[in-house]
Amino acid sequence: MYTFKELRKSSKKSIGGGTDLRVAILGNCATQFFATALRGCAALEKLSVNVFDADYNQIDAQLLDKNSEVYAFQPDNIILWLATDKLYEEFLDMPFEQREDFASYYMSKIQQYWHLILKNSKAHIIQFNFSELDDKVLGSYSCKVTSTFSYQIRKLNYLLQEAMAGETNVYPVDLLAVQIRLGEEFFYNAPLYYNAKMTVSTGTLPYVAKAVVDVLKAQTGKIKKCIILDLDNTLWGGVIGDDGMDNIEIGELGRGHVFTNFQRWLKQLKECGVILAVCSKNNEDIAKEPFEKHEEMVLRLSDISLFVANWNDKASNIRLIQESLNIGMDSIVFVDDNPFERNLVRDLLPEVEVPELPTDPALYLEYLQSCNYFETASFTGSGSDRTKLYQAEFERRKLEMTFDSIDDYLKSLKMVGEAKPFDETKFSRIAQLTQRSNQFNLRTIRYTESEIQQIASDDRYLTLYYTLRDKFGDHGLVAVVIMEKKTEQELFVDTWLMSCRVLKRGMEEYIVNCLIRTAKKNGFKTVVGEYIPTAKNSMVKDIYQTMGFCRTDENRYKIDVDHYKEKKVYITEE
């Protein structure tokens with residue numbers, strides 16, 4: 001973790017090379033040092049931010065006034081930091097008989113802040129939860145007395161979680177988890193609070209800043225999608241090729257418990273949508289044996305999207321996995337107990353995240369959890385199906401190799417597509433795609449679920465989502481198009497993105513065919529598209545011209561609806 005001194009130094013540097021995220025900080029505590037830490041941490045994480053730090057304890061004044069400095073700043077995110085110490089003072093100032101309602105009262109206050117922000121700005125809300133303060137008024141017995149602060153602050157955190165679950169535009173930062181991790185003595189500094197109204201120590205600020213930067217990176221699509229795992233002394237203790245399946249360490253006894261709990265966590269990652277892959281120097285049949293036959297293995301072959309076991313160097317095998325999954329190198333985390341393998345991958349594949357595992361396997365899980373590699377900005381609950389999608393894709397690739405022509409291969413897939421206007425059941429998945437898609441994304445505009453809902457109900461827009469299935473399985477929702485009505489005759493393609501899983505199958509052509517049909521059906525004569533280049537989307541820089549659009553400016557394209565000739569595809573309409 002960075003030190004505050006390092007963050008203060010880096011806060012003075014500009015990383016450039018991108019549009020600044022505008023972040024406003026509102027707190028009932030002193031936040032100027034936190035603002036410095038946030039600027040510095042963002043710079044070190046290569047995230048361009050512009051931070052506005054409001055004056056001390058001015059939340060109400062800033063949010064109630066439509067012409068306030070915060071709203072004039074036009075932030076992309078507003079951070080709300082409501083400090084436990086200040087809440088404690090408010091709690092003690094309340095009449096005793098009202099204290100058992102404190103958590104509900106304060107939750108209503110927070111929700112009013114959310115309402116004002118969403119009403120008066122387009123900002124996302126980053127909401128800190130509450131660290132705990134044990135006033136020892138009744139010792140441990142405080143946990144069961146509703147009029148104590150211990151009881152009320154824990155209830156408030158619960159109510160806050162419940163409320164955030166129903167607000168797609170509110171993003172949590174778990175300040176309580178930071179306190180638990182660091183311990184109260186490191187987390188808090190009483191003289192700093194009484195002299196400077198800072199509710200955390202300067203040593204804690206880098207951890208808080210990193211937690212916020214992780215959320216900002218997730219919002220901008222900078223997320224980890226895949227964890228590639230070594231096997232021997234990583235997923236189990238011992239060497240399967242030497243020790244044999246009966247002698248590897250796995251299960252509830254002895255050191256095996258370490259690896260079992262690690263596998264349990266990995267299983268949870270998979271269930272939440274993270275791709276699991278294996279990269280092992282081993283004979284494939286030997287490497288797979290524990291997954292198939294060991295009764296105490298938590299992970300099974302059905303949990304692994306891609307299993308690569310051979311004697312090639314691991315950097316080459318990781319390239320193979322990356323190409324097969326069609327994801328960016330910077331979305332991969334590689335976990336291996338061997339320092340040589342870690343250093344090799346760092347040197348040859350610098351974009352891959354390679355954690356420096358502790359030497360004691362008992363510390364693997366705690367360390368990887370502290371790294372917070374898999375922060376996300378959305379969750380649809382459907383991630384557990386992703387492994388089957390990638391396994392089916394691998395079967396498609398093997399089938400492709402047996403055909404002499406791409407047309408014959410595409411015909412053999414028996415693809416069925418569907419294009420429909422946005423509907424409520426798909427809002428979450430559509431928003432997730434806008435936040436996660438980086439490569440096939442023409443303008444890389446990110447939307448929250450609530451913003452997608454607004455677009456779907458706004459007459460100024462025409463919307464389409466696309467699904468695809470074939471004989472191997474259902475890809476689900478794979479593409480999104482949002483078109484804005486600029487004039488009575490012209491549509492502008494605000495968003496066109498597609499999952500790279502379905503590249504080169506005619507889906508691009510199918511999307512444009514449906515897009516033009518929709519424009520024509522609604523009486524529009526022209527469709528205008530734009531390509532905004534990023535570090536990751538160069539693969540689509542020529543897509544409009546490939547689809548028959550004429551270039552009108554450096555990155556803008558136009559097509560006459562009436563003269564468009566539909567592209568040949570092997571996708572049957574639903």
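Reply: A residue is called buried under 20% relative accessible area, exposed over 50% and partly exposed in between, using a 1.4 Å probe and protein chains only. By that scale Arg342 is buried, at 3% relative accessibility. The model is a predicted one, in which local features need pLDDT of at least 70 and side-chain atom pairs count only at pLDDT 80 or more, while totals for chains, interfaces and linings use all residues. Residues are numbered from 1 along each chain as its sequence is written, and side-chain values use heavy atoms, with hydrogens and water left out.

A salt bridge is a side-chain nitrogen of Lys or Arg within 4 Å of a carboxyl oxygen of Asp or Glu. Helices (H or I, at least four residues) and strands (E, at least two) are DSSP runs, numbered from the N terminus. The whole structure holds 27 salt bridges.

One of them joins Lys314 to Asp230, with 2.9 Å from N to O. Lys314 belongs to helix α15 (residues 314-325) and Asp230 to the loop between β6 (226-229) and α12 (240-243), so this pair ties together parts that are 84 residues apart in sequence. Lys314 is buried at a relative accessible area of 4%, and Asp230 is buried as well, at 6%.

Arg342 has Glu356 as its salt-bridge partner, and their closest N and O atoms are 2.9 Å apart. The two lie 14 residues apart, Arg342 in helix α16 (residues 339-348) and Glu356 in the loop between α16 and α17 (364-371). Whereas Arg342 is buried, Glu356 is partly exposed, at 42% relative accessibility.

Between Asp494 and Arg443 there is a further salt bridge, in which the closest N and O atoms are 3.4 Å apart. Here strand β13 (residues 490-498), which holds Asp494, is linked to the loop between α20 (427-436) and α21 (449-456), which holds Arg443, the two residues being 51 apart. Asp494 is buried with a relative accessible area of 8%, and Arg443 is buried with 15%. This pair is part of a network of salt bridges that links Arg443, Asp494, Glu530 and Arg556.

The sheet comes next. Two strands pair if DSSP finds at least two bridges between them. An open sheet of 5 strands has the order β2-β1-β3-β4-β5, with parallel pairing. Its edges are β2 (49-53) and β5 (170-173); each has a single partner strand, so one side of each is left without a neighbour in the sheet. Within the sheet, β1 (residues 21-27) and β3 (residues 77-81) run parallel and are joined by 5 bridges. Ala24 stands opposite Ile78 in β3.

Helix α2 (residues 32-44) packs on this sheet and touches β1, β2, β3 and β4 (124-128), contact meaning heavy atoms within 4.5 Å. Helix α2 also meets α11 through residues including Phe33, Phe34 and Leu38, with Leu205, Val208 and Val212 among those of α11. Axes are lines fitted to C-alpha atoms, for helices over the stretch in contact, and angles run from 0 to 180 degrees between N-to-C directions. The axes of α2 and α11 (residues 205-219) come within 9 Å and cross at roughly 55 degrees.
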